[in-house]
Amino acid sequence: MDKYLWLIPALPLGGFLILALAGKRLSRSSVAIVGAGSICLSALITFVIGGVFLAGMPPNAVYTQTLWTWFEVGAFSAKITLSLDVLSLVFVFVITFIGALIHIYSTAFMEADRDYARFFASMNLFVFSMLVLVLADNLLLMYLGWEGVGLCSYLLIGFWYEQQANGNAARKAFTVTRIGDAAMAIGLFMIFQQAGTLVISDIGASAGAIWQPNSTVVTVTALLLLAGGVGKSAQLPLQTWLPDAMAGPSPVSALIHAATMVTAGVYLVARMHAIFALSETARLVITVIGAATLLLAGLTALTQYDIKRVLAYSTISQIGYMFLALGVGAWTAAIFHFMVHAFFKALLFLAAGAIIESLHHEHNMFKMGGLKDKMPVVFWTFLVGALSLAAVPLISAGFYSKDQILWYSWTANGGSPVLWMVALSGALITAAYTTRMMILTFWGEAHTPVGHLPGRRMTMPLVVLAVFSVFAGFIELPHNFGHFTLFSDLLRPVLPETVMRADIPSEWLFQLLAALATLGGVFLGYHYYYQQPSRVESLRRNAMLAGLHRFWFSGWGFEALYDRVLVKPFIFISKINKSDVTDRLYTGIAAATGEMYKLLSRTQSGSLRWYIMGLVVGAILILGIQIML
Amino acid sequence: MKATVSAEVVVLLAGLLFALGIVGVIIRKNIIFMLLSVEIMLNASGLAFVAAGSRWGQPDGQVMFVFILAMAAAEVSIGLALILQIYHQHKSLDIDNLKEMNG
C-alpha cells in the first residue's frame, strides 16, 4: 500500500496546478469540482491507506516511500521521502477529512466571489503543503511544507486584498511567524551540525547518543525548534497575528487558523519529542508557555465582541492546552486534544461563517441575537461544537480530551498542582466565554434581520463535524471508567508513554472538579448574559474593572508593546536611512556612466573629415609613443 | 648606365606622397578629390612595398603591390558608384552635406 502514498499530497497539488494555470478559463462548477474533488479523493485515499495500515501494521510501524533525491551536497543528500506513521496518519486524516468538508462548504460559501478559482487554488496548495509538512521524513522537506503553509496562510488572509486592513493582517501574520521560522531554521542547522543528518527517524534513534541530557546544546536546539512552533501555533509571545488573521474568509479560518496549520507547532514538538525529552528546561518552557497562553487568551476571549475573534482567542487558548500537555510529557493527550479540537473548532468557525454571511457580514455578537429559531441547523451544530469547546462532561468529545490534559497536568512527571490550577481556571473561563458567545448569538432579541439561509452544501459539513465532535471523544476514555485507550495505544509506536508521578490522587476527584469548573463557567455566562444582563453593565461602571476589561480586550497590551518596542523604532530607523546610503554609490556610478556617454556621443558629429582627423591624430600619437619608448 | 636610387629616398618619397594624400582627404570638400587622395595614399604604400622588396631582393614587395592594385580597382569602382548615388540624392558632392548621418 505504501507505493500509493504519494497520491495523498499529489492530488491537491494537481488541483492547485489546474486551478492556477487554467482557473480563469474554467466554469464555476468545474472549478468547484476540481477544487473540492481533489481533496475529497485525497481523503478517500487516506481512508483506504490508513485502514490497510492499521489493519496490518508493518513491523516498524511506518510506511515510507522515496520519490526522488532532492539534491546532494557532499555526503548530505536530501530526499523527497514520504513517511506515514500513526502520528502522521492522525494529522493526514484531520487535514484531508476536515479539509474535504471545508472545501465542500466553501463551494457554496464562496459562490458569489469573483476570484473563485484563486480561492480554491490557494486552498489546494495549502492542503498540499500541510500534507508535505506532516508526511515529510526529513526536517528539510518538513521545512518546505512549513514555509508553504505560511505562504498559503498569507495568500488566504489577504484574499480580499482590496481592503488595506486585510493586506496588513496578512503581512503581520507572515512577519510574526517568520520570527519563529528563522529560529527554527537555525535549530535545523544546529541539529545538522551535531547529528549530521536531518532524517527524523535517525535523529530520534541516535538523540541519546549525540546529546548529553540537559546539556546546553540540546536545550538551545530544543528551544529554537520550539520558537518555530510557538510562531506557527500563535503561542505567547508570538500570538498577536492570529486574531488579525480572521480577516480571511471563514473557511480559511476554519481550515488554516483552527484545525490544521496552527497546530503545526504541536506536531513539531511531538515529532521531535526525542530532543525535547533530553532537555528538562525546554519542557518547562513549553509548559509555562502553554499555561500562560491558555489563561491569557481565555481571558481575552471573554471580552471580545467579534465572534470570529472570540473563536481565534479560543483557538490560541486550546493550543495552549496542547502545549501544556506536551510540556508535562502527556504526548498522546496533546495529539488527542488536537484531533478533537480540529473537529469542534472547524465546526464552530464554519457555523460562525454561515451566521456572518446570513447576517450580511455582521461580525459583532451584540448585533446578532435570536438566531435560535431562525437558523435551526446552524444553532444545533454550533451548540454541539460549543459543548465540546466548553468540555461539558460525558456527552462532548472535548470533555474526554481536556479532562485527560487536566489530569496529567497534575499527575504526569512534569506536572504540578499549580499547572493543574491554571488549567482548571482555564476550563472555567472557556466555559464562560463559550456560554457568553452562545447566548449573545442565539438567544435574546434579534438585532439584525436574517438574509438567505445556508444551503445543503454548507449545512452538510456542519452536521458531519457535529457528529464527530460528539463521538470522537469515545475512542479514548479515562482510566477510571471504561479504561478504553484506543487512541493512545495506536500512538504507542511513535510517542513515548506518559511517565506518572509516584503519589497519584484519585482521578474521580479531578473529574468532578473539572466538571464543576465547566458547569461553573456555564453558570457564570448564563447568569451575567441571560438572567441579569444589567449586572454586566454595573460591573463595567466600576473604573477598575472597566480598565481591566480594556486591558484584556486589547489582548493584554501586547499589540501596543510590540508597536512601541519593535515597529516604531524600526520605522524610525528606516526613515533615517530613507535615501539608502549604500545605494548612493551605485546610483553615482550609473550617473557618471551616463555623463560620459553624453560626452562621447558629441564626437559622433557625422563629419567624415573630423573622423579622419581623429584617426590621423590617434595614429601619430601611438606611433609617437612607440618611438619615444 | 644604371642610375641607382637608394631605398631611403624612395621610402621618403612614399612618405611624402602618403602625407599629401592624408592632407588631401582632410582638407578637401569634394568627394571625388577625397577619393583621388585615397588613391594617392594607396599608391604611396605600394611604392614603399616595392622599394622594400628591391632593398632585400625579395619578390614579396611586388606581390603585395599587385594585391594593392587589385584592391584599388575594386575600391574605385565601388567608390565611384557611391559617389554617383550621393550626387543623385543630394545634388552636390560636398562632404559636409552628409553630416546628417551622425549619431
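Two residues are in contact if their C-beta atoms, placed from the backbone, lie within 7 Å of each other. By that rule, the contact between the two chains takes eleven residues from chain B and nine residues from chain A. On the side of chain B that touches chain A, six residues are nonpolar, two are polar and three are charged, where Ala, Val, Leu, Ile, Met, Phe, Trp, Tyr, Cys and Pro count as nonpolar, Asp, Glu, Lys and Arg as charged, and the others, Gly among them, as polar.

The model is predicted, so local features need pLDDT of at least 70 and side-chain atom pairs count only at pLDDT 80 or more, while totals for chains, interfaces and linings use all residues. Residues are numbered from 1 along each chain as its sequence is written, and chains are lettered from A and ligands numbered from 1 in the order in which they are written.

**Chain A as a whole**

- Chain A has 26 helices and two strands; helices (H or I, at least four residues) and strands (E, at least two) are DSSP runs, numbered from the N terminus.
- Taken along the principal axes, the C-alpha atoms of chain A fill a box of roughly 110 × 60 × 55 Å.
- Of the 629 residues in chain A, 50% are buried; a residue is buried if 20 or more other C-beta atoms lie within 10 Å of its own, exposed if 12 or fewer, and partly exposed in between, with C-beta atoms placed from the backbone.
- Among contacts in chain A between residues at least 6 apart in sequence, 80% join residues at least 24 apart.
- The unreviewed UniProt entry places the feature "domain: NADH:quinone oxidoreductase/Mrp antiporter transmembrane" at residues 136-429 of chain A, although such annotations may be inferred rather than shown by experiment, and positions are given in the numbering used here with shortened feature names.
- That span, residues 136-429 of chain A, is 76% helix and 0% strand, and its end C-alpha atoms lie 37 Å apart.

**Helix α6 and its surroundings**

- Helix α6 of chain A (residues 164-195) has 32 residues, which at 1.5 Å a residue should span 46 Å, and its end C-alpha atoms are 46 Å apart, which agrees; the expected span is 1.5 Å times one less than the number of residues.
- The buried residues of α6(A) include A:A169, A:V176, A:G180, A:M184 and A:G187, and what covers the buried residues includes α5 (139-157), α7 (200-210), α8 (216-232) and α9 (241-244) of chain A.
- A:L224 is found in helix α8 of chain A, and because it has 21 C-beta neighbours inside 10 Å, A:L224 counts as buried.
- Not counting residues up to four places away in sequence, A:L224 touches A:A183, A:M184, A:I186, A:G187 and A:M190.

**Nonpolar cores**

- A nonpolar core is a set of buried Ala, Val, Leu, Ile, Met, Phe, Trp, Tyr and Cys residues joined through C-beta atoms within 7 Å; in the largest one, of 206 residues, A:A325, A:A334, A:A346 and A:A423 touch the most other members.
- Helix α15 (residues 331-358) of chain A gives the most to this core, with 21 residues.
- Apart from it lies another core, of five residues, among them B:A14, B:A44, B:L47 and B:A48.

- Most residues other than glycine have a negative phi, and most peptide bonds are trans.
- A cis peptide bond, with omega about 0 degrees, joins A:L236 and A:P237, and A:P237 is placed in the loop between α8 and α9 of chain A.
- A:H361, which is not a glycine, has a positive phi of about 60 degrees, and because it has 8 C-beta neighbours inside 10 Å, A:H361 counts as exposed.
- Phi of A:A391 is also positive, near 60 degrees, whereas A:A391 counts as buried because it has 29 C-beta neighbours inside 10 Å.

**Chain B**

- The unreviewed UniProt entry places the feature "transmembrane region" at residues 6-27, 32-52 and 64-84 of chain B.
- Residues 32-52 of chain B are 100% helix and 0% strand, with end C-alpha atoms 31 Å apart.
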